[in-house]
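Please read it alongside the sequence and the coordinates.

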Amino acid sequence: MDIKRQNVDFGNSIFQTLVDGYYFEIPTNVVEITKDKAAGHFPSALHEPELLLQSLLISTTIDGVEKYYLVGDAAEKQVLGNIHINKLHDKTESEIPYVMFLASIAYYSVLKGKDKEDNRVNINYFSTMLPIWLLKKTNKFSEVQNKMACRFEGEHKVTILTPGLEKVVTIHVETSKCRIESEVARWAIKKDFDLQDREEANSFKNFETLIVDLGGGTVDLALLPAELQVPKSRDSLNCFTDISYLKHIEKLRSEKLLEYFDDVRSLEEFIINNIEKPKMEQRDGNSGKKVDLTEQIHESLREYTQILITKIENTFPSPKDKIYKYVYIGGVAPILKRFIQELIDNMYGEEIREENHIFLPDTRKLNLYGLEILSRHETNAVYA
């Protein structure tokens with residue numbers, strides 16, 4: 001199997017990828033298990049390739065040792081399935097991004113492969129990105145970017161152990177690139193997938209733009225010059241690691257909602273599925289009764305939003321003679337949208353908010369779309 005492009009966003013909450021334009025996502029849950037447990041984990045065989053995404057059990061060799069992993073939905077209910085949210089992971093060192101990459105290609109090869117014998121995958125161009133907090137730890141961004149890119153270049157092997165869909169897949173990555181998270185999203189505002197200029201980008205021509213990337217673990221900030229140009233210096237990039245959204249809602253769960261949610265992932269999914277509804281109601285599986293959790297959750301999200309906006313304004317205060325455009329992106333942006341808009345309306349008025357505080361379509365995928373646009377540009381140049 002030949003793959004021209006794979007672009008990956010290793011999110012703390014959700015892994016997102018585009019493989020030759022085909023999009024899918026996997027919850028970022030990785031749990032290592034023993035060989036014996038792996039052998040008996042699934043009681044029956046699967047025969048539908050699309051079901052593998054919810055039942056990913058793989059093995060691979062890391063540092064000379066064969067290791068076994070449950071990935072995504074299959075790992076969600078494991079005791080350690082969400083432990084990674086409690087600390088920042090160096091994605092150049094952590095096993096989690098590497099295992100997620102292997103799992104994604106394992107799934108894609110089963111879904112799109114011709115048969116079980118189609119077990120070699122060649123990826124012409126792979127790209128991903130690193131968060132600003134990790135890049136700013138180094139003197140040169142390029143050093144850690146190259147380190148991350150090199151993790152994926154060359155040969156890899158993954159074994160699918162899910163009964164009924166067993167397969168050994170050999171992966172070869174020809175070219176691997178690593179970009180700057182949040183900053184790369186500017187390309188998704190400037191260009192479409194056909195590499196044509198977007199008309200919407202004209203509204204940013206005369207304004208500096210602050211991209212606010214709201215992730216589950218961190219908040220990245222990228223201040224761009226007019227016309228969405230490349231940041232002027234490393235001082236134009238910043239990151240908040242002390243106001244993790246996932247930690248915030250875990251605190252809410254443990255203090256006020258413990259009887260309704262067993263773990264932070266179930267609360268996160270409940271918020272995602274209900275944030276647009278007039279009432280956020282949880283149904284008791286036994287009694288069928290509904291409990292209205294709207295007030296507790298909205299109050300917590302308003303509190304988080306107040307902290308967020310205050311920190312943003314203190315980090316990049318708008319000069320008296322300038323107006324910034326703010327573009328909110330990332331997986332948490334759709335959740336906080338109503339609360340950010342409500343707060344900005346109260347602080348500066350509805351007109352200022354409508355002009356300068358922007359939520360674009362597909363906001364949670366803009367980093368990935370930026371990677372896709374750059375990869376299309378570079379592969380078109382190579383293969384033209």
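What follows treats the strands, then the cores, and finally a pair of packed helices.

The model is a predicted one, and its description can begin with strand 9, which spans residues 167–180. Two pairings of strand 9 are set out in the table.

| Strand paired with strand 9 | Sense | Bridges | Example of bridge partners |
|---|---|---|---|
| Strand 7 (residues 120–130) | parallel | ten bridges | Leu130 and Ile180 |

When neighbours within four places in sequence are left aside, the contacts of Ser127 are Gln6, Asn7, Val8, Lys177 and Leu371.

The largest nonpolar core holds 68 residues, and the members that touch the most other members are Phe10, Val71, Phe101, Ile123 and Ile171. Helix 2 (residues 95–112) supplies the largest share of this core, with twelve residues. For Phe101, again leaving aside neighbours within four places in sequence, the contacts include Phe10, Ile123 and Ile171, together with Phe15, Phe126, Phe152 and Val173, while Gln6 and His156 are also in contact with Phe101.

The last topic is a helix pair, and the question here is at what angle helix 6 and helix 7 pack. Helix 6 (residues 245–256) and helix 7 (residues 264–274) pack at about 100°, and their axes are 9 Å apart. Because angles of 65 to 115 degrees count as roughly perpendicular, helix 6 is described as roughly perpendicular to helix 7. On the side of helix 6, the residues that meet helix 7 are Tyr245, Leu246, Ile249, Glu250, Leu252 and Arg253, and on the side of helix 7 they are Val264, Leu267, Glu268 and Ile271. Sorted by class, this contact of helix 6 with helix 7 consists of seven nonpolar and three charged residues, with no polar residue.

Note on methods:
Residues numbered from 1 in each chain as written. Predicted model: local features only at pLDDT ≥ 70, side-chain atom pairs only at ≥ 80, totals over all residues. Heavy atoms only, no water. Axes fitted to C-alpha atoms, helices over the stretch in contact; angles between N-to-C directions. Helix = DSSP H or I, 4+ residues; strand = E, 2+ residues; numbered from the N terminus. Parallel < 35°, antiparallel > 145°, perpendicular 65-115°, else oblique. Contact = heavy atoms within 4.5 Å. Nonpolar A, V, L, I, M, F, W, Y, C, P; charged D, E, K, R; others polar. Core = buried A, V, L, I, M, F, W, Y, C linked by side-chain atoms within 4.5 Å. Buried < 20%, exposed > 50% of the residue type's maximum accessible area, 1.4 Å probe, protein only. Pairing = 2+ DSSP bridges.
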